[in-house]
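Please view the structure below before reading on.

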Amino acid sequence: MRGLCAGVAALLVLAGCGGGDEPRAAADYGEALFQDARLSPSEYNPFSCATCHVTTPAAPAGRIDSGHTLYNVAARPSWWGGNETRLLDAVNFCYVNFMRGVTKLEADEPRSRALYEYLSRISPDAQAPALPFTVVKDIQDVPRGDATRGEAVYRAACQGCHGATHTGEGRLTSQASVLPEVTRDYDEAFPGIPHAQVVIEKVRHGPFFGVGGNMPLYGTEALSDADLGALLTYLGL
Ligand code: HEC
Ligand code: HEC
């Protein structure tokens with residue numbers, strides 16, 4: 001029966017298969033995988049799914065994530081601003097681009113099944129709307145804002161990975177540069193380009209548009225230009 005079950009699961013794209021306690025055990029395993037950076041085989045990956053996604057209906061105060069909440073994610077008709085129409089593809093986009101997963105998670109492997117059971121468990125509604133995701137393609141300067149707001153934005157959006165400004169204390173990984181000190185090297189690395197523009201490009205494009213690395217990108221729904229402008233003021237850029 002296992003072979004049949006796996007085959008059917010592949011056809012249905014991760015639809016649950018099997019009864020009784022199996023889905024619950026799988027969901028528990030999926031929750032553990034969701035919170036574990038070792039889901040990715042890369043020793044250079046510091047991120048788990050939970051680094052970038054909450055699973056509660058709304059983000060708790062003081063937390064701004066690049067990724068949407070995954071509450072009700074399995075009930076959405078599409079993902080990544082409509083670009084992905086299979087949930088596993090939406091997950092693999094993160095797995096490969098942010099978590100250095102190298103090869104995609106396959107539909108019939110136990111880890112994918114378990115993640116699906118967990119994502120289903122945090123999706124209590126039958127249907128939920130697709131969430132918008134607006135990528136800023138052409139990088140433009142943003143009006144600077146209030147430094148106090150900027151500090152709050154830094155703590156909510158950047159500090160978890162980059163640690164304290166100037167020292168990096170408490171950062172998730174030494175791969176995450178110390179802000180804003182890293183911009184001192186930008187005259188050499190990006191001659192003629194204002195430092196703020198390099199930072200805006202990193203925040204808005206993440207690893208994409210030829211930028212490289214594995215930091216996630218922030219759409220305008222996650223981080224408004226106003227909050228980004230306040231953040232730049234706080235960073236002295
Ligand atoms: C480094 C940050 C990061 C990590 C790690 C990450 N994601 Fe994402 N994820 C994002 C961003 C950014 C988006 C795009 C915005 C959005 O649609 O939520 C996204 C989008 C998604 C979406 C589409 C949501 C939607 O409704 O559009 C799903 C599903 C998803 N991620 C699942 C996962 C899972 C499962 C993992 C772990 C295997 C994971 N992500 C790891 C940042 C991350
Ligand atoms: C999920 C973790 C994570 C979050 C959240 C995050 N970063 Fe990063 N960031 C990284 C990592 C890891 C790198 C180094 C790899 C790379 O360049 O992608 C990096 C690199 C950067 C760089 C490039 C540094 C250089 O070497 O030129 C800048 C600028 C930056 N981040 C700014 C920010 C700002 C501003 C925020 C908040 C809006 C933020 N980051 C949020 C993980 C993160």
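Donors are N, O and S atoms within 2.8 Å of the metal (3.2 Å for Na, K and Ca), and sites may look incomplete because water is not among the atoms. The model is predicted: local features need pLDDT of at least 70 and side-chain atom pairs pLDDT 80 or more, while totals for chains, interfaces and linings use all residues, and side-chain values use heavy atoms, without hydrogens and water. Residues are numbered from 1 along each chain as its sequence is written, with chains lettered from A and ligands numbered from 1 in the order in which they are written.

**Confidence**
- The protein chain has a mean pLDDT (the predictor's confidence in each residue, from 0 to 100) of 93, and 92% of its residues reach 70 or more.

**Iron site**
- His 162 (NE2) and Met 215 (SD) coordinate the iron atom of ligand 2 at 2.0 to 2.2 Å.
- These two residues are 53 residues apart and link distant parts of the chain: His 162 lies in helix H6 (residues 147-162), and Met 215 in the loop between helix H8 (195-205) and helix H9 (225-234).
- Helices are DSSP runs (H or I, at least four residues), numbered from the N terminus.

**Helix H2**
- In H2, Ala 27, Gly 30, Leu 33 and Phe 34 are buried.
- The buried residues of H2 pack against helix H3 (49-52) and helix H5 (110-121).

Methods:
Buried < 20%, exposed > 50% of the residue type's maximum accessible area, 1.4 Å probe, protein only. Contact = heavy atoms within 4.5 Å.
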